[in-house]
Each structure stands twice: as C-alpha cells, then as structure tokens.
Amino acid sequence: MTEPPGVAASGAHAAAAGTNYGIISTGDGATIDSRTVHLPAEAFTAPAEVVAAGGLTNLPAPRSPVFVGRQADMAELSSAMSDGPPMTPSVVHGLGGMGKSTLALHYAHHHRSRYNPIWWIPAETPSGITNALTDLAARLNPDASLTTTSSAEGAAWALNWLQTHEGWLLIFDNAESPGDLESVIGPLTTGRHLITSRRATGWHRLAKPLALHTLPSEAAVDMLTRIIEADDIGDTGDIEDSDASSASVLERIAAELGHLPLAMEQAAAYIQYTALTPDAYLERLRRHPARMFAASAPTGAAGESDNHRTVARIWQLSLRAITAEAPLAGEILRTFAWFSSEPVPRDVAHALHADPIMVDEALALLHTYSMITLTRRTFTIHRLVRAVTRTPDPADPNRAAGAIISAQQQAEQALRRSLPDDPLSNVDGWARWRDLLPHIHALTDLISPEQDTEDTAAICLPASVFLQREGNADQAVAYAQRAVTAFAGLRGPDDPTTFAARSFLASALRAAGDLERAVPLHLRNLADRERVLGPDHPDTLVARSNLALSARPEGRGTRRPRTAPAQPRRLRTHARSRSPAHPQRAGESRQFTSVGR
C-alpha cells in the first residue's frame, strides 16, 4: 500500500492514512473504518503480558478534607486489608451518611504506594461495575483500542488481567447487592477487594463485614468546628475565639444530628456558607427540620447544590427501594420514629400487622438497608433517622403529612397495646414497664398535650402508677395530671374514667408529699362519685378508702394540709388494710384496668 506523504505505518499489518472516508483493509482480517474498529483476537496483547503503568488509579478526591474520629475504624480496616496471602474481601457497611465511602477513600489514598492499580468502581448497578472494569481495561492497555470494544468484552479483558497480576485494589462503592459482586470477586484471588454498602446482611459468603458507627461526641464537634472555620467569615462565625457557650451549641447541634458524619458536614457547610451563628442554625434546625435536613451549601463554580449528598435525599432513595419491596417496612419505620432511640422490643412491632412473618421480614429488610439495627429481641432506630422520618415533606411520598399523622396514631396504639396489665401488683410486668418507659417518655414529649387522644391518656395513666411505684413521684404527678386533663376534655368531668384518673393523680400527689393538693382532690373525687354513682358504688367505696389513707401520718417529710378534715369512723375502717387482697385495693386495681384498656 502506498503511504501518503508525511504519514508512516507502524509496521507489518499496519495501515496509515492522512485522510480516509472509507474502509482500509490490512490483509490480515482486520478492517478499520471512520466509525468503528474491528480487530481479530490475535491483535490484542495477552492480558498477562501487559504491565500496569505506575500509580494507575481513578480515585476521586475526598469530598471533604476534614476526616476526624476514625482512627480506630481505619486501624481495623487496615488490619483486615493487610498484606499477605489473599484474604476475604472486607465490606464496610452502615447507614447512609455514616461515612463509608469517605473511610474507603481515605484508606485508598493513604495506601497508594501499596497497591497498583487502585480502581474505584461505582457498584450500585451491574452495568456500573461492567463499565468501570471496561475503563480499567482501556487504561491498562490503551494501545489495544479497548475503548471501542463492547463493555462486556472490555470487562472480560480487565478480569483476565486481574487474574494474572498481583498487588491491585478494587473498591466497590455503595454496592446494592452481594449477588452483583459474586461473579466478579469470586475468581479473583491475587489482589484485594474493598466494598462499601448500606446493606448490613447477605455478605457472609462473600466478605467480612465491618460495621461503621457514628462519630464520638468530641470528634463530631471537631468536625463541625473545622468546616465552619474553613474560611474567615468574621466574628459571626468564628468558633475558636468564642467562649465556652459556642462549643456547647456545637455539642447540641451534633447531638441533634445524632453525630452522623454527613449530617454534620452538611450542617457545618451550610453554617459556613450562610455566615449563620451556630445558635441561629440550631434554632432553624429545630423549627424547620424538613427544610434543614434537605438544605445544602452550593458547590462548584456554577453554584449548583449537591442535592444527592444530603441526608434527606440519601434516605429518600433508600426508603423508595424499601417500600417498593415491602410497604409494611416503611410503615414500621414511620411508626417507630415516634419512639425513643433506645431498643424497642420486637413484639411491639407485631401490633401493626396480624401476620408476624410479614413483620419479621419487614424488620429484616430495614436492617438490611441499615435503617434500623436488629437483634433477636429488639430493634433500634438512629436518632436522626427518627427525626427525618417523622418530619413531613411534600417532596417525599413516604413522608406526606397524612402518612406522618397516621404513623403518630399507630405509634400510640401500638404502645398502648403493649403495656402490661396493672402496674400496681403485676410483678411479672415490671421489667416490661422498664423497657417501655423510654418510649413512653419520647412519645409523650413529641406530642403536645393539645393533641392528646384517649390512647395518649391511657398510656400516661398507667405510666404514672408505675413511676409512683418506682419512687419517681414528680414524673408520676405530671403523667397523672396529663391523663386527667385529657380524659376530662375527651369524656367530660363526670365520666367514671375521669374520676379514676383524678384518683390516681391524688395518690401521686400524696406519694410526692403534697397533701395540700392531694386531700382536697380526694374529697372532690368522693363527692363527685357519691353524686354520680351513688354512696354504695364500689368506686365510691374506693374513693372513701383513698381519702382515709390521705389523712394518715406519713412521716416527718410529708407536707400536711393547713386544716386536716376530721375523718369519720367509716373512713378509718376502710383504711385498716391496704394489702393487694383487700377489697378496696382490689377495687382500685379493677378500676385501673378499666381505664388502661
């Protein structure tokens, strides 16, 4: 073939053309046109013969230079990824926003001299894995025109290369399914694999799990401070020169955000960008949680917001996948977002559905996506997950206002149905009460008294009785008062349930040593019961007994009323015995049971 002036062929079976608009034939079965390249298999260099260029990597830069509080996690990961015979791949798993990708990225950058090549693979989908491997093949052997082959052919060439070389590191970021990686990782034993995933389960056949948790409090405050002070924004945002109260505000912000790294990075960047004081940000976070969970500081020259890096966006995508597979899982998460971050007994969730197997599978799915932490007896929900999940957001169908209201009501009903009977004398139920008290406190704190329903009141009243039995008199009084107010508003002041609640309030006041309020309340209750129920009604007899008890001396610390009423003999008779078997005590228990259910 005649070579055009100034253009030389590279050797035998090679073609050279200055300008070509047609097809060139080299005579060896390969054809090249202006759009595609078709090369016979023998034209490729064997993968085993290709040597990787030094320092070959596609690692992205860390999203933030601030990396604190992960020394122990980094040491554990380094140990798992240590040199020596090939070991089981490691998978760093945890809630979205926990910093899994950041940890893997810092590990890879820190150990760039140990591995070659280091290749970052977005692993959300099988096609993403294939495309990343194809890119690796093209970088390993650019002369082979691998960029023009199909993705499957390029990925196969990369896998062949990896099988015949040592010392490389593949990082599969945000893997959605262990099954997507098995065919890739299984045959490769000459290098190292590092996986990050929100999935907490399903890795036992493929990788060693390393759970990533929230930052320690001091590290969380350190992270906030460093990002806020990244630029000099004057006295308004300067934390270093501020007094101890500013550090305390940062501690409260960190606690409000549950020490979740992404949430704190998001908050600190927003504070730094808007030149807000930490106090102002905290006030906005508490008043407008939905907007602040979705807010992010602009990034890039164009000032476009990185919406995919907010906790609201990340969890919205997770919940979309979860509810598509099991709608009950989303319902469970919304319901128990009204509970405490303390462990919830698993059986409480079974109050939401008649099929226990469906509930168990829904809990397992939430655990798989790290939205909850599941054990054989309990499950827990991270504080910030709870806060985001119960905050209405019209942009998120899983957090529509109606769904949030319904979840609140279901939370009250589930908790009410889970309470043991009669906290006065049911000894077997006391341990259960202690397990449920944190959730009673959380739920009643989140619901304003103006929103109280009969479920709320029927939770507060027995909780008051148990707290009184436990010696927590002040909180017992507060819960009893809330129950009285709720029942009086819902059923009326002369309803027997209201009388019962008022009776327990008077008893709680007496236990707190406040006879100045307890005795008049017992007197009112007795008078009202005689008027409405009659003098010989069992509940009226209970009221007489309680009044008699309230007048008995309780010791030096008890506040006595200024004028103690003279007690008729019949009241002293009712007060002779207060054992659980006594008729009046039994009447009080019966009365309580009717209120609690």
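This note goes through strands, cores, aromatic pairs and charged contacts in a predicted model.

1. Basis. The model is predicted, with local features needing pLDDT of at least 70 and side-chain atom pairs counting only at pLDDT 80 or more, while totals for chains, interfaces and linings use all residues. Residues are numbered from 1 along each chain as its sequence is written, and side-chain values use heavy atoms, with hydrogens and water left out.

2. Strand 6. Helices (H or I, at least four residues) and strands (E, at least two) are DSSP runs, numbered from the N terminus. Strand 6 covers residues 169-173, and five of its five residues are buried, so this strand is largely enclosed by the rest of the structure. Buried here means under 20% relative accessible area, exposed means over 50%, and partly exposed lies in between (1.4 Å probe, protein chains only). In a regular strand the side chains alternate between the two faces of the sheet. On one side of strand 6 are Leu169, Ile171 and Asp173, on the other Leu170 and Phe172, and all are buried.

3. Neighbours of strand 6. Two strands pair if DSSP finds at least two bridges between them. Strand 5 (residues 118-122) runs parallel to strand 6 and is joined to it by five bridges. Strand 7 (residues 192-197) also runs parallel to strand 6, with four bridges between them. Which residue of strand 6 is the bridge partner of Ile121? The partner is Phe172, and Phe172 also stands opposite Ile195 in strand 7.

4. Three strands in the order 11-13-12 form an open sheet with antiparallel pairing. Strand 11 (344-345) and strand 12 (373-374) are the edge strands, each pairing on one side only. Two bridges in the antiparallel sense pair strand 12 with strand 13 (residues 378-380). Thr373 stands opposite Thr380 of strand 13.

5. Nonpolar cores. A nonpolar core is a set of buried Ala, Val, Leu, Ile, Met, Phe, Trp, Tyr and Cys residues joined through side-chain atoms within 4.5 Å. The largest one has 124 residues, and Trp315, Phe336 and Leu384 have the most contacts inside it. Apart from it lies another core, of 30 residues, including Ile121 and Trp203.

6. Phe336. Is Phe336 buried or exposed? Phe336 counts as buried, at 0% relative accessibility. Leaving aside residues up to four places away in sequence, Phe336 touches Val344, Val348, Ala349, Leu352, Phe379, Ile381 and Arg386; contact means heavy atoms within 4.5 Å.

7. Aromatic pairs. Rings of Phe, Tyr and Trp (its six-membered ring) pair if their centres lie within 6.5 Å; planes under 30 degrees apart count as stacked, over 60 as edge-to-face and the rest as tilted. The structure holds five such pairs. One of them is the tilted pair of Tyr270 and Tyr281, at 6.2 Å centre to centre and 55° between the planes. Tyr270 lies in helix 8 (residues 261-274) and Tyr281 in helix 9 (residues 278-287), so this pair ties together parts that are 11 residues apart in sequence. Phe336 and Phe379 form an edge-to-face pair, 5.2 Å centre to centre with 85° between the planes. Because Phe336 lies in helix 12 (residues 327-336) and Phe379 in strand 13, the pair ties together parts that are 43 residues apart in sequence. Phe379 is buried, with a relative accessible area of 0%. Ring pairs link Phe336, Phe339 and Phe379 into a cluster.

8. Salt bridges. A salt bridge is a side-chain nitrogen of Lys or Arg within 4 Å of a carboxyl oxygen of Asp or Glu. The whole structure has 24 salt bridges. Asp528 and Arg531 form one of them, with the closest N and O atoms 3.2 Å apart. Both residues lie in helix 21 (residues 515-533), three residues apart, about one turn of the helix. Asp528 is buried at 12% relative accessibility, whereas Arg531 is exposed at 52%. A network of salt bridges links Asp494, Arg502, Arg524, Asp528 and Arg531.

9. Arg469 and Glu470 form a salt bridge at 2.3 Å, N to O. Arg469 is partly exposed at 31% relative accessibility, and Glu470 is partly exposed at 35%. Arg469 also lies over the face of Trp430, at 3.6 Å from the ring centre. A charge sits over a ring if NZ of Lys or CZ of Arg is within 6 Å of the ring centre and within 35 degrees of the ring normal. Elsewhere, the charged end of Arg199 sits over the ring of Tyr369, 5.7 Å from its centre.
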